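What lines them, and which parts of the fold do the lining?

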Amino acid sequence: MGSAKPFLPLDPVSDSTIFADRSRPARHLSAPKRNVMNDSLQTCDRPGSKESAPMPEQYSRRSFLSGVLTCGAVSAAAVYLLPGGHRPPPVELRLATGADPTGARKLLMDMWNQANPDTPARFTDEVEGGSGDERTRLLTAARNGSADILNLDVVDIPEFTAQKLITPIRLTDPNFLTSVRNLHQVDDTSNSYWAAPLNTDVGMLFWRNPGTEQPDVVNLSAVLGSLADKGSFVGQLRPNSSNYNEGFLVNILEHALSVNTDLLSATGEILFELKPWQRALQPLQAAIAAGTVNRSSDENASLDTFVEGRPTFMRNWPVKYRELQQRKDPDLLAGKIKVYPLTSGVLGGQSLALARACPHPDQALRFINFMTGTAAQKVLAGHGFAPTLAEAYNDRNLQAVIPHLEALRGAVENARPRPMHPGYRAFAEVFVDHVARMLRGESDLTSEFIAAMKAALA
């Protein structure tokens, strides 16, 4: 690596604190009076090293990220020169993406830019809003050539592929979890992908005061049946605009699968039979009618309700655990909130795709490989995202920071994809419309529900 100068990007939430899992011995992440650069390189070379000193229960998030980020900086610097030691021609890479309130993506981009000054990357326009807005803006960017790299919702990959807006890529670090790989890989090609998984996602159950109960997984229909108090469960169950419908749809699928796993196959195929859908959604209907379920519009509103109203259960994304830490939630800090996987989760996530019109595909691919490589995955995990690579889940430092990391991996590996079809967005629109009207008590699910889903996915 030569004499590469280490740099430690600032943590956007440097004043916050992470608490290790009190149920297991803690390990020190960055011992005092030691060379951070040397330690971080050793951590990279020897994952899970047992030489590290015991870690205090409470430690700075910046000290944790510094070692991992230095590893990433060295990795990024390694792609700075072409074979033979020649610099590539200066180019600017443009990334079109949705907004990231955690700051993790910007942190990684800053790392890349410091190590690759002749190939800087920038955000074209971070889209504020939900998945629907992101897709619309990314379609425009792909069609008019205003972006080189597109950060797609995983369900939009088939649509962009069908419209020939993205091109397959080969990746240097393809040790993705199997469930994640299967959604991205080009058919019958071992190392060719339509997009590189940046982060994955799956719904989890946040449980306040679980007592001595330590289930491996939780069944949502059983949870709903156990509720006695008003508003003791909160989830994303009230769509209020097209931007937030995706969270609603995933929540509904999770509740339905907790009753009947045949409704959505392991490859994302929908069961087109009316009665199983009607039966599967009865527990949710009954809980809403009884007032034990609080229906929020999105994941942020759910978190607010969970913190302020202190219900027992919250269904939400893994990144919300990090936000509970940032809020210094007293129950979380006291170890009274645990996070569990669902019996049947639904897979989500974002993925970096190479725009077909990109004039600098080689440089863009190097950037994609960096953003989705092991060091970057650990940074994303440290900010609350669900990583896509097995190495991140095996990292002892991350295991200390995220006590439910192993459970999260199991949730991702067992999750089912939504229909991976170019007509997915049309399917989502009719699915949400019919189910939302049913939950409001305006109409029952009828054969029109099945016919509309069939037509959208034809």
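The lining of the second largest cavity divides into 5 nonpolar, 8 polar and no charged residues, where Ala, Val, Leu, Ile, Met, Phe, Trp, Tyr, Cys and Pro count as nonpolar, Asp, Glu, Lys and Arg as charged, and the others, Gly among them, as polar. This is a predicted model, so to speak of its features: local ones need pLDDT of at least 70, side-chain atom pairs count only at pLDDT 80 or more, and totals for chains, interfaces and linings use all residues. Residues are numbered from 1 along each chain as its sequence is written, and side-chain values use heavy atoms, with hydrogens and water left out.

A cavity here is a set of points on a 1 Å grid over the protein atoms alone where a 1.4 Å probe fits but cannot get out, and lining residues have an atom within 4 Å of a point. Of the 13 residues around the second largest cavity, Val-180, His-184, Asn-199, Thr-200 and Gly-348 lie nearest its centre. Strand 15 hands over the largest share of that lining, 5 residues.

The largest cavity is lined by 7 nonpolar, 4 polar and 1 charged residues. Its lining includes Tyr-321, Arg-322, Phe-385 and His-404. Helix 12 gives the most, with 3 residues.

| Cavity | Volume | Elements giving two or more lining residues |
|---|---|---|
| Largest | about 90 Å³ | helix 12 (319-326), helix 15 (374-382) |

Volume is the space filled by probe spheres set on the points, joined across faces, edges and corners. Helices (H or I, at least four residues) and strands (E, at least two) are DSSP runs, numbered from the N terminus.

Notes
On a 1 Å grid over the protein atoms alone, a cavity is a set of points where a 1.4 Å probe fits but cannot get out, and a pocket is an open set with protein on both sides within 12 Å along at least five of seven lines; lining residues have an atom within 4 Å of a point.
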